[in-house]
Amino acid sequence: MGNGFGEKLRAERLDRGLTQAELGRDLYSPSYISLLETGRREPTADVIEELARRLELAPKALEAWSQPVSVSDAEYVLAGLYARQAWDLRDYPLAATHAAAAAQIALEAKNTSAWWNMTYMQAECLMKQGELKECQNLVQRLLDHPMAAESAGLGVRARQMLAAVCHGRGELAVAVAHAQEAVRLCADLPKGSTLIIGALRALIGALAESGRLDEAWQYCQDMNAQMDDHSMTQLAGEVAWVIGNVAFMRHDYAEGIKYHERAAQMLSPANDIDLWARFNKASAAVRLSSGIVEPETLTSIERAELALSIVGGNRTDQLEVAFIRARWLYLTGDIVAAVQKLREIHAEHDALARHIAGEVALLLGKALKAAGESDEALIYLDEAQQEFSAAGASDRVQQALDAVLEIRLAKRRAEAAASASTSPKS
């Protein structure tokens with residue numbers, strides 16, 4: 001069979017964040033998986049079928065692995081290896097270049113499964129760089145390919161990424177639709193599948209940002225039901241993180257704190273510092289959105305800033321973390337510093353999703369109001385309404401309208417009081 005099978009098996013396992021023990025679970029020992037990956041043991045037909053099921057790959061994908069290694073196969077494996085090395089080093093532009101090269105080699109060799117996987121990796125790299133439109137176009141190509149229809153797993157992966165892209169662009173209604181389709185496609189996948197969890201996470205996030213919190217909470221219960229004592233610790237941590245987010249947004253602070261504390265225990269920077277950074281950023285954001293100004297919230301902000309300084313992140317990531325710090329300044333009463341930071345972020349608001357840009361404009365408007373600059377505050381509050389409306393975040397539109405109404409009512413009262421004080425007394 002050659003060592004191509006082992007190399008591809010290892011690549012697919014690592015793509016899913018699985019250890020050899022987690023892939024083998026109750027049937028295969030870590031040492032046996034290692035023997036397969038190093039080419040020192042030939043898999044039987046039953047082993048191939050079972051591994052295909054666990055990796056949620058189309059049967060044709062694993063069948064292709066059993067072919068002898070050709071020159072093009074070797075070139076593909078090398079390009080894929082370079083892509084993964086660059087990914088591990090967080091050099092996403094270089095990883096995208098190598099992934100595109102591997103995809104082209106696979107396409108010329110008519111290895112559609114290899115082309116699909118490397119194109120998907122290229123799309124992931126584009127998303128990491130914040131190149132969302134290019135990522136969307138690439139994933140749409142994958143979704144239109146017959147393989148996405150033949151394999152539920154591939155269809156779910158494509159729909160889930162499209163949902164994430166649309167969410168990132170502030171197209172929340174479209175994100176919900178893609179995520180709902182991803183969840184529907186999960187019907188035949190085994191309970192506890194990472195793809196089911198991923199699809200539910202995408203749907204929950206889009207629903208929550210759209211203000212559809214009751215629906216999001218119901219799907220949180222569905223996601224929690226997927227977990228059991230055998231679930232991977234990191235996956236369980238991610239589930240707790242998402243449930244905690246929605247609990248905070250529903251103003252159920254006790255549940256939010258409980259789930260985020262659970263997530264903090266399960267997610268470790270030693271295992272995945274990028275994931276740890278995103279968790280702390282999300283935890284700080286939902287706590288501040290709920291008005292929770294406590295030492296734990298500040299700790300989450302500082303952890304997110306520290307982790308981002310290590311992993312780098314794209315400009316959108318940096319602006320979002322800066323916005324969390326600005327919200328902390330606002331809530332702790334440092335209005336001058338908050339306004340200054342918010343102005344800096346707003347200057348680059350085109351790099352943010354529309355609903356996030358709306359949040360920046362809304363908070364800047366509130367901060368300016370607190371600073372006594374009501375006329376300028378109204379400009380940003382009107383902008384916030386437009387951004388939220390375009391994103392489909394109707395509940396946020398109402399928040400901006402309420403803030404505008406408060407300013408206008410205050411102005412009317414001030415004008416009435418001034419008029420009363422200057423009117424002649426009879």
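# Questions about a predicted helical protein

Biologist: Is Tyr92 buried or exposed?
Modeller: A residue counts as buried under 20% relative accessible area, as exposed over 50% and as partly exposed in between, with a 1.4 Å probe and protein chains only. Because the relative accessible area of Tyr92 is 13%, this residue is buried.

Biologist: What kind of model is this, and how are its residues numbered?
Modeller: Residues are numbered from 1 along each chain as its sequence is written, and side-chain values use heavy atoms, with hydrogens and water left out. Local features need pLDDT of at least 70, and side-chain atom pairs count only at pLDDT 80 or more, while totals for chains, interfaces and linings use all residues, since the model is predicted.

Biologist: In which helix is Tyr92 found, and which residues does it touch beyond its neighbours within four places in sequence?
Modeller: Helices (H or I, at least four residues) and strands (E, at least two) are DSSP runs numbered from the N terminus, and Tyr92 is found in helix α7. Contact means heavy atoms within 4.5 Å. Leaving aside neighbours within four places in sequence, the residues in contact with Tyr92 are Trp87, Cys125, Lys128 and Gln129.

Biologist: How many helices and strands does the whole protein have?
Modeller: The C-alpha trace spans about 105 × 40 × 35 Å along the principal axes of the protein. Of its 426 residues, 49% count as buried. As for the elements themselves, the protein has 23 helices and 0 strands.

Biologist: Which residues have the most contacts inside the largest nonpolar core?
Modeller: A nonpolar core is a set of buried Ala, Val, Leu, Ile, Met, Phe, Trp, Tyr and Cys residues joined through side-chain atoms within 4.5 Å. The largest one has 55 residues, and its largest share, 11 residues, comes from helix α13 (residues 194-209). A second, separate core has 33 residues, including Leu342 and Val404. In the largest core, the residues with the most contacts are Leu51 and Met223.

Biologist: Which residues of helix α4 are buried?
Modeller: Asp46 is found in this helix but is exposed, because its relative accessible area is 59%. Just after α4, Glu56 takes a positive phi of about 55 degrees. Within α4 (residues 45-55), the buried residues are Val47, Ile48, Glu50, Leu51, Ala52, Arg54 and Leu55.

Biologist: With which side chain does the side chain of Glu238 make a polar contact?
Modeller: Glu238 has its place in helix α15 (residues 233-249) and counts as buried because its relative accessibility is 14%. A polar contact is a pair of N or O atoms within 3.5 Å; within protein, one must be able to donate a hydrogen and the other to accept it, and residues adjacent in sequence count only if both atoms are side-chain atoms. For Glu238 the polar contact, at 2.3 Å, is with the side chain of Arg201.

Biologist: What is the phi of Lys110?
Modeller: Most residues other than glycine have a negative phi. Lys110 lies in the loop between α7 (92-108) and α8 (112-128), and counts as exposed because its relative accessibility is 73%. Although Lys110 is not a glycine, its phi is positive, at about 60 degrees.

Biologist: Which residues does Gln226 touch, not counting those up to four places away in sequence?
Modeller: Gln226 lies in the loop between α14 (213-225) and α15. This residue is buried, because its relative accessible area is 16%. Not counting residues up to four places away in sequence, Gln226 touches Lys191, Gly192, Ile196, Ile197, Leu200 and Ser231.
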